Amino acid sequence: MKLQKKQKKLFALLGAGAMLIIPAIAFEWPQANVLQDKFYSFFGQKRSDTLSTSLIFSESEEAVCADKGEISIIITEHDDGFNWFESSLGTCAVVAHEDSLLTVYGNLDTDNFNTDLYEHPSVTTGTKLATTGNSAWQETDSYLEFQIIDTQNQNYINPLILMPRLGQKHALTLTNVSLKNKFGKVYDLETQKNIPSGVYKIYKSRQDNAVPYKTTLLVNGTESERISYNTIKQKDSELAIEGHNLYSAGELYPDDDIMLLGELYLPHGKDTISIIVTDFSGKEYSRVFTLNVL
């Protein structure tokens, strides 16, 4: 089951980082019975030492095409078509759609794959691909790995943007908020209210089972930073999320316990920091800190 030669150039997008212009196209869920607790991990979360470009489901179901299109690539578990190494997505199908979008369905069950797709690559919404298995390089209890790639802008798009809306099961939190200056000194905003003026990065506790749609920082009512988790781009050789800067995984998640909310400047005086994190249903969670800035 070889990679189709005329589409080898598309394979590079599966490993590349991917400016967001949201296409008009919308997709259906790539498997049935989708509820808030059906996800193992989300787009933009920390994944080893990089960022997850996928929405990963937590239960084995039948994977289906999210919209009409054309099968561009089929990769099997032990053959990536280059004879370098096994595909990290395991058995995988890539479907080309309108608006220069690809949908990627990884971690499929090799033995249950719909072999008719080799002869009939045109698909419609709901066309069966395979049940989901454990063919990819994933953690236990994770199944379908679903990606959306914008080939025109070379971005990964957060699938939740283009999917039918679901409420977010796990509430976002704003706990253990701290500031870190350029010298590495940390100020715990839960307990410290006297802070020197300057430029800071601000962090909160990282959640294993939830990631915001966006984070917003305001200083004295003026927006200082907004980080959006709608796409992942390329920063040099690393994947990155866009705010006022492009933030790599190491900058967003400097360790396993904290997550970057953004950067801000605190001038002398009595300053107010407002933090807002927004989930994909539009619900906002916020906290306000009033500081004496020296």
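Reply: A nonpolar core is a set of buried Ala, Val, Leu, Ile, Met, Phe, Trp, Tyr and Cys residues joined through side-chain atoms within 4.5 Å. The model to which this is applied is predicted.

Me: How many residues does the largest nonpolar core have, and which have the most contacts inside it?

Reply: The largest nonpolar core comprises 56 residues, and Tyr105, Leu108 and Leu252 have the most contacts inside it. Strand 8 (residues 101–108) gives the most to this core, with 5 residues. A second, separate core has 22 residues, including Leu172, Leu174, Leu179 and Phe289.

Me: Which residues does Leu252 touch, not counting residues up to four places away in sequence?

Reply: On that count, Leu252 touches Leu51, Ile227, Tyr229, Ile241, Tyr247, Ile258, Met259 and Leu260.

Me: Why is Ser286 called exposed?

Reply: Exposed means over 50% relative accessible area. The relative accessible area of Ser286 is 54%, and therefore Ser286 is exposed. Ser286 belongs to strand 23 (residues 284–293). Leaving aside neighbours within four places in sequence, Ser286 is in contact with Leu174, Ile275 and Ile276. Between the C-alpha atoms of Ser286 and Ile276, 10 residues apart along the chain, the separation is 4.4 Å.

Me: What makes 4 residues of the lining of the second largest cavity nonpolar?

Reply: Gln45, Lys46, Arg206, Gln207, Ala210, Val211, Tyr253 and Met259 line the second largest cavity. Ala, Val, Tyr and Met are among the types that count as nonpolar, Lys and Arg count as charged. The lining therefore divides into 4 nonpolar, 2 polar and 2 charged residues. The space in this cavity is about 30 Å³.

How values were computed:
Residues are numbered from 1 along each chain as its sequence is written. This is a predicted model: local features need pLDDT of at least 70, side-chain atom pairs count only at pLDDT 80 or more; totals for chains, interfaces and linings use all residues. Side-chain values use heavy atoms; hydrogens and water are left out. On a 1 Å grid over the protein atoms alone, a cavity is a set of points where a 1.4 Å probe fits but cannot get out, and a pocket is an open set with protein on both sides within 12 Å along at least five of seven lines; lining residues have an atom within 4 Å of a point. Grid points are joined across faces, edges and corners, and a volume is the space filled by probe spheres set on the points. Buried means under 20% relative accessible area, exposed over 50%, partly exposed in between (1.4 Å probe, protein chains only). Helices (H or I, at least four residues) and strands (E, at least two) are DSSP runs, numbered from the N terminus. Contact means heavy atoms within 4.5 Å.
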